[in-house]
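Could you walk me through this protein model, one feature at a time? I would like the general idea, then the case at hand.

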Amino acid sequence: MFKSIILLLLMVPMGRGYGANDITLTVTQAAQGGVVNDRKVTRTRPLTVGALAFSAPEVVYQRWAPTLARVSKETGLPLTLVPLTPDQLVARVANNELDFIIGNALITVAFKKDYGVSHLLTLVPHTRATPEHAIGSALIAKKDFNINSLNDLKQLRVISTDPNAFGGFQIIAAEMVEQGIAPLSDLKQLDFVGFPQDKLLNYIIEDRADVAILPSCVLESAINRATISANKLHVLLPQLHSNFQCQVSSKLYPSYAFSKLGHTDHRIATQVVRALLAIEAGDNEAISGRYQYWSAPVQDNHVFALLEHLDRWPFVTNWQRLVADLTPWAMLTGLVLLLGYLHHLRVKRLVVKRTQALSDEMAQHKNTQKALFEQQKQFYKAQRVLLTGEMASGIAHELNQPLAGIRYLTQGCIYRLGDGHDELKSALTKTIQQVDRAQSTIKRFRQFCHQPSVLQDCDLQELIQDTLNLMQPDFNRMKLQPQLRLMSLSVCIDVSLMQQVLVNLLRNALDAMETIDRPQLAVLICQTEQAAHIAITDNGTGLSEASLQRLFFPFETSKVHGLGLGMVVCKRIIEEHGGKIRAMNNRELNSSDAPWATPHPRGVTILVTLPLKANTDV
């Protein structure tokens, strides 16, 4: 069996530097397959055993491969041996890449809390030491170099393999702490040079360092292998321990421990433990592994005392582990907070943009309202002037007839008077003069109030849209949305006067629908061969036949406070443009095939007819 293991070792690439890439050895001495029951479990996937390595991988294989080969043979379990430095071991355990660990007592205790490592067996070394006192630290220097205490190390060039090495640093570091020395800060020239451990002895011989911190028995092992001379190096501050064959500079602690990871099946662990306990002193596996046998776990309370001196778990919080556990959650929390902050910035930006848009809209609305108010003000001013002129025309028409009668009667009286009535003739002549004066005054007043028309080309659709915008507050008050059927037609009109006509017609329609629950208003533009037609239809109370006949008479109105001049003004303006206006009850149009026919059974339709621009040009 040992020959097959040596053959496997020869197949391992030997040119790699230690610690660069892990070299694994799979030891399988049993045939695959087996029975699964409460006592024996056989697996096809190799179980990974991480062995703490302080020397080259080949040395670790030579020590532990025979032991694992025997376990594999007796249990039928395929095992993979992986030599690991302390840092590599921590990484593999953290990633759940190992099933078992062969390591020192400190590693086993440190892994208990974070990774659920269970201590299964303790190694009994071949140096006749007890399992509880099997390893320590040795301060090694040249034969002619000595120190009196650990304080002397402060000014010396001290080297070690790794700050996590148990015998190679942490044991002696705990004793420094007991004496008030902080090794990492007080040892000014402390340097960690890495593995393997034997190279530290060469550093001392080559005078590259003054003192090397190494596990116990490393010096004796090198002397036994004849790699160095026995008279070149010695152990500083040696301490005597009964039944311990190597010189040490510190207390002794338990030797190697065999442990399982928390995820490893307990039935598999039981088989492996049973196979290890079957190895006896003198077996080839024990000789290769430099031990007597494996025993049950021994007392390790002095390991906890060492951890307390080093401020390690369980006496202080394992901040490194805690940070590693909390880092994903902290990153997730930070990501959520970042996304929340970005969302807050986005919402804030949208709020600012929307607020600015609302402010601009409000300012625009305010300017529009102001322009509309000015437009309405000018419109009502023009309407008052127009009504004043129409009133003047009506008053002149009404007064001219009686004044003409007075004049004719007075002249008749003068003709009938004889020659003897000169004084009476003079008085009557003066009366005629006053009548002429009154007629002249009325004529001038009428001419003063008459507003001349300013004709220009206009699109009826745009004119009606502008007029509807002017009337929008009234539509909003009545919750009314006009129904429009418009088309673009060009006419030559006085825009201001025609807009007054449309406003007057729309306002009359709204007044007629004040008491209607669901008011409806329709505005239509259509075209015949020679004219453009505007139809304004409401579903109001309508008009009687008598009211329709006198609709365009002055001072005829059905409104309480009306003057009866609005429709008269509309008629005069439209006729001045060569057009016509007429009013019809909707029921008269129901059976008509005219474009402005309406289905409303009640209400009035006002039809305005205007000549097209081509006809007015002719």
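The dialogue below moves from confidence to a strand and then a helix.

Q: What kind of model is this, and how are residues numbered?
A: This is a predicted model, in which local features need pLDDT of at least 70, side-chain atom pairs count only at pLDDT 80 or more, and totals for chains, interfaces and linings use all residues. Residues are numbered from 1 along each chain as its sequence is written, and side-chain values use heavy atoms, with hydrogens and water left out.

Q: What average pLDDT does the protein chain have?
A: pLDDT is the predictor's confidence in each residue, from 0 to 100. The protein chain averages 81, and 81% of the residues score at least 70.

Q: Is strand E17 buried or exposed?
A: Buried means under 20% relative accessible area, exposed over 50%, partly exposed in between (1.4 Å probe, protein chains only). Eight of the eight residues of E17 (residues 531-538) are buried, so this strand is largely enclosed by the rest of the structure.
A regular strand has side chains that alternate between the two faces of the sheet. In E17, Ala 531, His 533, Ala 535 and Thr 537 are buried on one side, and Ala 532, Ile 534, Ile 536 and Asp 538 on the other.

Q: Which strands pair with E17?
A: Two strands pair if DSSP finds at least two bridges between them. E16 (residues 521-527) pairs antiparallel with E17 over seven bridges, and the two form a hairpin with three residues between them. Ala 522 has Thr 537 as its bridge partner. Seven bridges also join E17 to E19 (residues 604-611), again antiparallel, with Ile 536 opposite Ile 606.

Q: How far apart are the end C-alpha atoms of helix H16?
A: The expected span is 1.5 Å times one less than the number of residues. For the 18 residues of H16 (residues 495-512) that gives 26 Å, and the end C-alpha atoms are 26 Å apart, which agrees. Its buried residues include Leu 497, Val 501 and Leu 505.

How values were computed: Helices (H or I, at least four residues) and strands (E, at least two) are DSSP runs, numbered from the N terminus.
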